[in-house]
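Trainee: I am new to this structure and would like to learn how to read it. Please take me through some of its features in turn.

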Amino acid sequence: MAIRVYNTMTRTKEAFVPRDPEKVAMYVCGPTVYNHIHIGNARTFLTFDIIRRYLTWRGYDVTFVQNITDVDDKIINRAAEQGIPAIELAETFTAAFRSAMAELGIEKPSRQPMATQTIPQMIGMVERLIATGHAYEVDGDVYFSVRSFPGYGKLSGRDIDDLESGSRVEVDTRKNDPLDFALWKTAKPGEPRWPSPWGEGRPGWHLECSVMSEEELGLPFDIHGGASDLIFPHHENELAQSEAATGETFVKYWLHGGLLQVNAEKMSKSLGNFMLLKDVLAVYPTPVVRLFMMQTHYRSPLEFSTDRLDEARTAYERVAGPLRDLEIAKRSRARERVAGDDGTGVWVTRLTKAIADCRARFTEDMDDDFNTAGALAAVFGLVREMNAFIWEGPGIGAHGENLPLLERAAAGIKEPLAVLGIEIDAHPVRVAEYPEEVMQLAADYAGYAGSDSSEAVDALRKARDVARSERNWSVADGMRDRLQELGFVVEDKPDGTHITYGR
RNA sequence: GGCGACGUCGCCAAGUGGUAAGGCAGAGGCCUGCAAAGCCUCUAUCCCCGGUUCGAAUCCGGGCGUCGCCUCCA
């Protein structure tokens with residue numbers, strides 16, 4: 001079974017055959033560091049994090065390169081507004097970007113080159129382009145000549161003449177052609193600058209990706225990724241520069257992610273309808289945000305809303321449920337269920353099959369252009385079967401004899417989710433977060449006199465089981481009400497009271 | 001105006017030729033002292049109109065609608 005990917009260049013799904021049978025070289029456009037990234041930007045980085053993790057899981061040795069564009073008009077303008085050096089602004093938001101990525105559970109790139117550390121190589125590429133007639137200098141600026149490259153427009157499916165007929169192309173009489181774009185810009189007073197054969201200046205946008213990807217990965221590399229709004233002009237221009245300069249194919253597979261929308265409109269900084277990633281993560285845990293995004297195919301548009309995130313949180317709880325139940329059961333042998341009277345073999349067969357089915361379907365769907373929505377459905381299928389086994393079937397078994405199978409089921413749920421970077425917190429409680437009031441509760445209801453909140457909760461649990469066994473409903477319900485007021489979730493399962501906190 | 005994508009259950013969303021995954025919400029049932037959780041059952045013929053085919057949500061043509069790119073943008 002081969003992996004298939006949708007290649008923007010050909011607009012079809014193609015069999016994925018990397019240049020090296022065991023290795024994958026991929027490059028994903030990183031941020032221009034002039035601000036905090038928003039949740040829409042994060043979606044793209046998440047998409048390619050999943051792709052990278054999956055390819056790794058499938059056995060490829062993946063080299064993942066992501067640039068940081070730390071010199072650009074937007075950075076310069078923003079820094080000027082704040083009256084600080086451009087480099088300082090860039091450093092601030094580079095650090096913010098890295099920590100936000102870490103918080104979202106994005107794996108670190110294999111290498112993360114900075115534009116400002118690659119200036120000599122960029123100058124080298126401009127020189128090559130001038131030497132081969134693909135670029136020309138005008139008063140210290142250097143432009144790429146789009147008409148010198150016959151393939152211009154092949155990635156985005158555009159025709160130079162069609163583009164020119166559009167009225168929005170800015171006319172600059174210094175260019176040979178309105179579509180020609182800057183490779184090198186003369187520095188204005190106060191702007192960052194580097195010496196070059198054309199005077200002091202800085203590189204134009206697009207150039208850094210061409211140079212860094214080639215330097216880090218060599219041509220042609222396997223996967224070039226980014227959001228769909230980068231197809232034109234950014235990736236089209238990268239491609240033109242690189243192929244014109246080297247005469248080689250630039251990239252084997254172009255992958256582009258769909259955009260995040262708000263009210264059916266693209267989320268973007270210029271429209272002002274964005275939410276910063278760090279603000280979203282302050283309210284929703286990482287796995288919930290990731291699950292939310294993985295429920296839609298990466299190439300489709302995705303509507304952002306807190307309602308959607310709330311639903312994802314509920315879905316997350318559904319997945320976490322059986323894993324928690326298993327953890328609780330393991331900790332408390334005294335509360336093991338009595339095994340079902342018969343039919344255990346049927347249940348075992350059924351769950352065993354469900355584990356295998358989940359893995360097979362997960363792989364099949366992910367192989368098909370990283371269909372995370374379908375892959376997730378496979379996981380939910382196993383969640384249902386595990387729940388059924390625990391609560392309708394034999395459960396853990398009178399002597400824990402079904403534990404190994406349940407552990408395998410739990411692993412069958414956790415492993416594919418881990419490939420998607422979704423870590424399930426199966427701990428039934430998070431001790432550090434217990435509210436202090438629980439100590440008083442334990443003293444009141446369970447006579448607990450210690451100082452350990454974890455022991456206090458355990459004492460409450462036992463006290464409530466006793467109250468229930470004595471059919472003392474007023475006490476049992478009172479305890480539940482008080483605990484719920486403190487944020488605990490109290491559930492009476494067949495094996496006794498479950499008390500969890502921090503959902 | 002040019003190029004491209006999309007339109008599937010109340011909401012979200014997989015599925016690209018063989019008769020519709022999953023999540024959320026809802027209804028009924030089981031379980032339960034009550035509650036919660038869980039399990040079971042139920043709710044779609046796939047924007048509209050034609051065409052191709054033994055057979056289409058899936059292919060082709062037309063229409064309507066939405067979005068993206070053409071300017072910085074993940």
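Mentor: Start with aspartate 139, which sits in the loop between β5 (135-138) and β6 (141-144). Strands (E, at least two residues) and helices (H or I, at least four) are DSSP runs, numbered from the N terminus. This is a predicted model, in which local features need pLDDT of at least 70, side-chain atom pairs count only at pLDDT 80 or more, and totals for chains, interfaces and linings use all residues. Residues are numbered from 1 along each chain as its sequence is written, chains are lettered from A and ligands numbered from 1 in the order in which they are written, and side-chain values use heavy atoms, with hydrogens and water left out.

Trainee: What is the phi of aspartate 139, and is aspartate 139 buried or exposed?

Mentor: Buried means under 20% relative accessible area, exposed means over 50%, and partly exposed is in between (1.4 Å probe, protein chains only). Aspartate 139 is exposed, at 62% relative accessible area. Its phi is near 50 degrees, a positive value in a residue other than glycine.

Trainee: Where does arginine 11 lie, and what is its phi?

Mentor: Arginine 11 is in the loop between β1 and β2. It is not a glycine, yet its phi is positive, about 55 degrees. Arginine 11 is partly exposed, with a relative accessible area of 47%.

Trainee: How many bridges join β1 to β2?

Mentor: The general idea is that strands of a sheet pair through backbone hydrogen bonds, either parallel or antiparallel. Two strands count as paired if DSSP finds at least two bridges between them. Here β1 (residues 4-7) and β2 (residues 12-15) run antiparallel and are joined by 4 bridges. Asparagine 7 has threonine 12 in β2 as its bridge partner. The two strands form a hairpin with 4 residues between them.

Trainee: What is the strand order in the open sheet of 3 strands?

Mentor: The order is β12-β11-β13, with mixed pairing. The edge strands, β12 (265-266) and β13 (302-303), each pair on one side only. Strand β11 (residues 260-262) runs antiparallel to β12, and 2 bridges join them. Valine 262 has glutamate 265 in β12 as its bridge partner.

Trainee: Which residue is joined to proline 220 by a cis peptide bond?

Mentor: The angle to read is omega. The cis bond joins leucine 219 and proline 220, with omega about -15 degrees. Proline 220 is in the loop between α6 (207-217) and β9 (221-227). The bond from phenylalanine 232 to proline 233 is also cis, with omega near 0 degrees, and proline 233 lies in helix α7 (residues 231-246).

Trainee: Which side chain of opposite charge is nearest to arginine 52?

Mentor: For charge, Lys and Arg count as positive and Asp and Glu as negative, while His and the chain ends are not counted. A salt bridge needs a side-chain nitrogen of Lys or Arg within 4 Å of a carboxyl oxygen of Asp or Glu. Arginine 52, in helix α1 (residues 39-57), is buried yet has no salt bridge, and the nearest such side chain, glutamate 107, is 4.1 Å away.

Trainee: How many residues of helix α9 are buried?

Mentor: In α9 (residues 286-294), 9 of its 9 residues are buried. Among them are Arg290, Leu291 and Phe292.
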